[in-house]
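Welcome, and please open your viewer.

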Amino acid sequence: MSQTFIDAIRRRRTQYALGREIPLSNDDTNALIREAVRQAPSSFNSQSSRVVILWGAQSVRFWEITKDALRKIVPADAFASTEEKIDSFAAGAGTVLFYEDQNVVKGLQEQFPLYADNFPVWSEHSTGMAQFAVWTALANAEIGASLQHYNPLPDEAAAAEWDLPAHWTLRAQMPFGAHAGDIGDKTFMDDAERFRIFG
Ligand SMILES: Cc1cc2nc3c(=O)[nH]c(=O)nc-3n(C[C@H](O)[C@H](O)[C@H](O)COP(=O)(O)O)c2cc1C
């Protein structure tokens with residue numbers, strides 16, 4: 001494990017303050033996200049992750065859909081802070097939506113009944129791997145991002161808006177953009193509580 005890799009993963013942090021102008025072209029960013037997802041591992045190399053990249057007005061539309069869904073469940077007097085948060089995601093350059101293809105999961109369960117209970121779990125692991133890879137790749141291109149979980153609220157409307165298959169399940173949303181603010185320090189728990197090394 002090279003120091004360069006550790007430096008790269010250290011650069012990935014949660015950035016909530018996003019702006020529109022990122023240092024990469026849309027095409028280069030699309031290619032970066034694609035390659036990060038392609039190279040992320042998945043159980044049995046099933047490649048169950050699906051990704052939707054929304055730019056500009058399309059990303060704003062996604063956050064509008066989410067806001068509309070939230071408006072139905074968040075008490076009116078608490079909605080202003082919710083709206084502010086959602087608007088901060090929409091202020092970025094775009095949003096990556098991470099899906100898992102449930103047809104792939106079902107197919108694996110049929111093909112390998114012995115592991116049937118594990119495939120849904122491994123699908124969740126796989127999307128996490130893809131998310132981490134994309135987040136780290138963006139960070140190393142000087143693009144800020146955070147990881148959000150408004151699913152299942154926007155799922156149905158988003159599927160209709162972008163004509164996505166019903167068997168794709170939304171697992172996470174990653175708004176990204178220019179770094180438009182500082183990122184706070186991160187605290188770490190005691191290594192002695194986390195790691196046990198023998199031999
Ligand atoms: C599985 C997972 C779920 C997360 N869900 C959210 C979320 O819904 N909203 C959010 O703002 N951050 C979310 N985060 C980001 C974490 O809060 C963040 O990574 C953590 O506080 C460490 O900060 P860092 O990202 O700057 O290293 C999530 C992170 C992980 C790994």
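A residue counts as partly exposed when its relative accessible area falls between the buried range, under 20%, and the exposed range, over 50%. Keep in mind that this is a predicted model.

**Stop one: F44.** Select F44, which sits in the loop between α2 (26-39) and β2 (49-55). Its relative accessibility is 43%, so F44 is classed as partly exposed.

**Stop two: the partner of F44.** There are 15 aromatic pairs in the structure. In one of them, the ring centres of F44 and F119 are 5.2 Å apart and the planes meet at 70°, so this pair is edge-to-face. F119 belongs to helix α6 (residues 118-140) while F44 is in the loop between α2 and β2, so the pair ties together parts 75 residues apart in sequence. F119 is buried, at 1% relative accessibility.

**Stop three: W63 and Y150.** Select these two next: their ring centres lie 5.9 Å apart with planes at 90°, so they too are edge-to-face. W63 is in helix α3 (residues 57-71) and Y150 in the loop between β4 (144-145) and α7 (155-161), so this pair ties together parts 87 residues apart in sequence. Are they buried or exposed? W63 is buried at 1% relative accessible area, and Y150 is buried at 14%.

**Last stop: R12.** Select R12 with W135: R12 lies over the face of the W135 ring, 4.3 Å from its centre.

Note on methods: Residues are numbered from 1 along each chain as its sequence is written. This is a predicted model: local features need pLDDT of at least 70, side-chain atom pairs count only at pLDDT 80 or more; totals for chains, interfaces and linings use all residues. Side-chain values use heavy atoms; hydrogens and water are left out. Helices (H or I, at least four residues) and strands (E, at least two) are DSSP runs, numbered from the N terminus. Buried means under 20% relative accessible area, exposed over 50%, partly exposed in between (1.4 Å probe, protein chains only). Rings of Phe, Tyr and Trp (its six-membered ring) pair if their centres lie within 6.5 Å; planes under 30 degrees apart count as stacked, over 60 as edge-to-face and the rest as tilted. A charge sits over a ring if NZ of Lys or CZ of Arg is within 6 Å of the ring centre and within 35 degrees of the ring normal.
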